[in-house]
Amino acid sequence: MTTSLQDKIGLKDKTGLKVKKSINKWPYIFLIPYFVFYLAFFVYPTIYSFVISLTNWDSLKGVDKRHFVGLVNFIKLFTRDKLFYLSLKNTMMFMVIYIPILIVGGLLLAVLLYKLQKGSRIFQTINVLPYITTPVAIGIIFAFLFDRSTGIINNLLINLGVLTEGINWLGDGTMARIVVILLIVWKNMGYYLLIYLAGLSTVPEEVTEAAYVDGANDRQIFFKITVPLLRPITAFLVITSIISGFQLFDEPYLLFSNTASSIVGGPARSCLTSMIYFFDQTFKSSTRLGYGAAVAYGLFIVVLIVSLIVAKVINKGDE
Amino acid sequence: MLYYKVPSEMVLLDYRKTIKGGYYMNKNFRKMTTLGLATVLACTAFVGCGAKAETDKAADAETTVETTDTKDVAVATEAPAAEAAALPKDYEGTLTMWGWDENYYKTMTTAFNKIYPNVKFEYTPVANGDLLQKYQTALAAGTELPDIGWSIVDSRAKVYELDMWEPLNKAPYNFDINGVFDYLKPIMVNSTGDVCGIEQSVAPAGMAYRKDLAKEYFGTDDPQKLAEMLPTWDAFIEKGIEVKEKSAGKVYMWTGIADAQQFIRNQNDTPWIQDDKINMTAGLTKSIDLATKFRDAGIVDTLEAWSPAWYASFGEGKHMFAGCATWTSQFVIQPNDTTGKTEGHWGLMSAPEGNISWGGTTLGITKTAKDKPLAWEFIKFATVSTEGAKALNTIGLLTSAKAPYEEDATLKSIKDAWFGDQDTGKFFIDTVIPNIKLRAMNVDDNIIHDSLNMITTAINNDKTIDTAKAMKLLKEELEIQLPDYTVE
């Protein structure tokens with residue numbers, strides 16, 4: 001006896017004869033635009049960029065003088081380019097500092113807000129607002145705030161008696177890094193808060209209640225129950241933060257590109273990240289599109305290796 | 001094969017239980033609405049790469065200004081010196097431009113339309129620092145370039161090497177470069193000697209000073225006497241220390257070291273790059289040395305050039321001197337020194353150790369221009385004609401061509417309320433231009449410029465860096481940035 005399911009999908013009609021299942025075309029019609037878009041604007045440029053990286057294309061010399069040179073650009077990048085390694089070092093330094101702050105800060109904020117009876121929505125909104133503000137506006141405003149002579153931060157610190165003379169926030173290498181990290185933490189905390197809030201709602205209440213009944217205090221519950229149960233979310237955040245961290249561009253670029261006398265990568269190139277270096281090599285300081293594409297792929301290789309290592313470490317931890 | 005239509009009630013995915021007739025209508029309506037919305041959503045992804053002209057407008061806020069003047073031209077005007085026998089009113093078409101000076105654009109196109117009433121213009125604002133990138137990407141992607149290309153001197157060496165310019169010295173344009181001031185010739189040609197653009201106006205620069213502060217601390221506000229008091233930068237520093245002591249540190253000679261240095265570095269005409277070597281010692285030592293001396297003497301403020309605080313300082317009256325080109329009054333002084341207009345705060349004098357050329361923008365015809373003769377008519381009008389020079393004069397600029405001044409000597413004169421009775425135009429033409437020493441351009445100049453800025457910031461920040469250490473840091477930096485050159 002055929003099941004009602006088979007009746008419903010019409011595999012067999014009541015006489016037992018096979019019926020041609022009519023293919024539903026609508027899912028394909030809806031998916032085609034996305035795939036066309038994906039192929040045209042993601043897959044093709046990715047492959048074509050690799051092809052460009054194997055050439056000596058320089059805008060000044062024109063498309064006609066472009067020749068295939070093999071891996072010359074990559075060899076130069078990995079053996080002779082000190083600025084590439086400086087940019088990688090700066091990027092990783094930023095990541096090593098701001099990712100833990102964001103993960104720990106986001107988690108703590110989420111736990112505090114989760115327990116808040118009233119007003120949690122307002123605090124959530126306030127914390128997420130910087131995340132949805134455009135980076136251009138943030139860069140310009142922070143440049144105003146941290147200006148050595150007229151910035152509010154220096155004026156505030158001088159009036160409070162903490163400083164006698166304004167700090168050269170945007171003119172000193174170390175200070176500039178601190179400003180960039182502050183900017184990134186301020187901007188992105190809301191996102192981590194949201195993800196952890198969503199994650200906290202998956203922590204079963206029965207487990208925490210049972211722990212309370214057994215006499216555990218808040219601290220023990222946080223470290224022994226909440227954090228381990230949020231491990232998949234933390235793993236997701238760490239890996240995505242690392243991937244997006246290597247692509248850090250907006251904040252340092254917009255902070256230091258406001259004026260005509262601005263230096264690429266900030267004072268002493270302390271805030272030269274890999275993406276800023278790529279953009280500068282390709283379109284700003286030099287016009288070598290082939291070498292710029294090689295920088296982008298060199299960065300891709302580094303991100304791939306680091307992501308694989310991190311994923312392996314996290315998975316080993318799981319085991 | 002037996003086909004039968006699956007009754008709608010048995011479709012697995014559908015969970016609605018409604019009246020049959022109404023059900024069919026709902027289902028199709030839903031499908032069409034969903035398909036329509038999905039199509040609209042997919043189309044929005046193509047917005048950024050729509051029609052060629054729009055590619056550029058998507059990047060910046062677009063201002064399309066069309067100026068047409070179809071009124072009868074009652075004013076008697078000269079016929080343009082053109083090879084063709086066509087009358088101005090016969091020229092029709094649209095010219096596109098990307099620029100950063102809307103005031104210049106409006107003034108010149110309005111004046112042009114008085115003679116050529118049937119020509120329209122389209123203008124797209126672009127930041128001058130983004131010009132190289134925009135031209136590059138348009139060339140690489142094969143999208144449309146503007147008909148008339150602007151080129152600012154900062155990136156000109158690179159921009160002129162892009163394969164996008166019509167050589168104006170060759171037929172059918174046959175522009176004679178001897179028609180402009182001699183010192184401009186090296187910065188109007190590319191490496192093969194082709195003229196890729198003609199200067200919109202000259203950009204000579206002297207030193208502006210606050211007359212009230214000069215009177216108070218030097219006893220005079222006469223430019224000649226002040227120039228005699230400050231013949232060298234060492235004399236400038238000595239006087240600066242006196243001013244600092246008299247004012248108890250409240251009045252500065254300049255707004256910042258970087259600001260002063262961007263003037264000083266242009267006083268030396270040694271090319272920064274020659275063949276495969278960088279003339280670091282011959283070309284850059286002096287400006288670094290003066291930067292450390294200024295810092296150590298404490299005679300300059302710490303404002304970052306071109307920052308909002310720097311702009312505001314022009315209205316505060318605490319900084320005595322500033323580099324001043326023909327464009328400085330319009331862009332920097334006038335918007336920020338609101339009381340200066342009635343009080344004539346400023347004077348213009350020769351800087352210690354020589355005046356400079358500072359800035360400048362050329363107009364050229366791009367290879368993709370649809371109507372090159374029309375573009376050439378506009379460029380000739382704007383850059384070398386007397387009518388164009390008159391229009392320029394109304395916005396305080398001086399034409400780069402020599403002939404208009406011979407035809408009409410009043411074109412030399414610029415009266416600027418912020419400079420009181422002083423004729424700044426005459427000062428620029430008679431005093432500054434004849435003695436300008438211009439450095440030859442090189443495609444990698446911008447990297448040296450950037451490295452100099454970096455070292456200047458380091459000097460500003462760390463008082464232990466002296467000239468020797470700064471030059472060492474500069475050498476290391478240049479060797480990293482430009483490994484193919486020898487640094488001398």
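Residues are numbered from 1 along each chain as its sequence is written, and chains are lettered from A and ligands numbered from 1 in the order in which they are written. In this predicted model, local features need pLDDT of at least 70 and side-chain atom pairs count only at pLDDT 80 or more, while totals for chains, interfaces and linings use all residues.

The secondary structure of chain B consists of 19 helices and twelve strands; helices (H or I, at least four residues) and strands (E, at least two) are DSSP runs, numbered from the N terminus. Of the 488 residues in chain B, 44% are buried. A residue is termed buried if 20 or more other C-beta atoms lie within 10 Å of its own, exposed if 12 or fewer, and partly exposed in between, with C-beta atoms placed from the backbone. Among the contacts in chain B with a separation of 6 or more, 76% join residues 24 or more positions apart. Two residues are in contact if their C-beta atoms, placed from the backbone, lie within 7 Å.

Helix H19 of chain B (residues 467-481) has 15 residues and reaches 21 Å from its first C-alpha to its last, close to the 21 Å expected at 1.5 Å a residue. The expected span is 1.5 Å times one less than the number of residues in the helix. The buried residues in H19(B) are B:Ala470, B:Leu474, B:Glu477, B:Leu478 and B:Gln481. Viewed down the axis of H19(B), these residues fall within an arc of 100°, so they line one face of the helix; the arc is that of the directions from the helix axis to the C-beta atoms. An α-helix has 3.6 residues a turn, so residues three or four places apart point the same way. Exposed residues B:Ala468 and B:Lys472 are carried on the face of H19(B) turned away from its buried side. The buried residues pack against strand E7 (277-278), helix H10 (280-297), helix H18 (445-461) and strand E12 (486-487) of chain B.

Two of these partners, H10(B) and H18(B), also pack against each other, at an angle of about 20° and with their axes 10 Å apart. Axes are lines fitted to C-alpha atoms, for helices over the stretch in contact, and angles run from 0 to 180 degrees between N-to-C directions. The angle makes H10(B) roughly parallel to H18(B); angles under 35 degrees count as roughly parallel, over 145 as roughly antiparallel, 65 to 115 as roughly perpendicular and the rest as oblique. The contact involves B:Leu284, B:Ile288, B:Ala291, B:Thr292 and B:Arg295 of H10(B) and B:Leu452, B:Ile455, B:Thr456, B:Ile459 and B:Asn460 of H18(B).

Helix H3 of chain B (residues 102-115) has 14 residues, which should span 20 Å at 1.5 Å a residue, and its end C-alpha atoms are 20 Å apart. In H3(B), B:Tyr104, B:Tyr105, B:Met108, B:Thr109, B:Phe112, B:Asn113 and B:Ile115 are buried. They cover an arc of only 145° around the axis, which puts them on the same side of H3(B). B:Glu102 and B:Asn103 are exposed on the face turned away from the buried side. Packing partners of the buried residues of H3(B) are strand E1 (93-99), strand E2 (119-125), H14 and helix H15 (386-394) of chain B. H14(B) is itself mostly covered, with eleven of its 13 residues buried, including B:Trp376, B:Phe378 and B:Phe381.

In chain A, helix H5 (residues 120-132) and helix H8 (residues 173-200) pack at an angle of about 125°, with their axes 6 Å apart. This makes H5(A) oblique to H8(A). Residues of H5(A) that meet H8(A) include A:Val128, A:Leu129 and A:Tyr131, and those on the H8(A) side include A:Trp186, A:Met189 and A:Leu193.

A:Ser87 lies in helix H4 of chain A (residues 82-115) and counts as buried, with 25 C-beta neighbours inside 10 Å. Beyond its neighbours within four places in sequence, A:Ser87 is in contact with A:Leu272, A:Thr273, A:Ser274 and A:Tyr277. The C-alpha atoms of A:Ser87 and A:Ile276, 189 residues apart along the chain, are separated by 8.2 Å.

Some backbone values remain to be described. Most residues other than glycine have a negative phi, and most peptide bonds are trans. The peptide bond from B:Ala171 to B:Pro172 is cis, with omega near 0°. B:Asn174 has a positive phi, near 50°, and counts as exposed with 9 C-beta neighbours inside 10 Å. A:Arg269 has a positive phi of about 55° but counts as buried, with 23 C-beta neighbours inside 10 Å.
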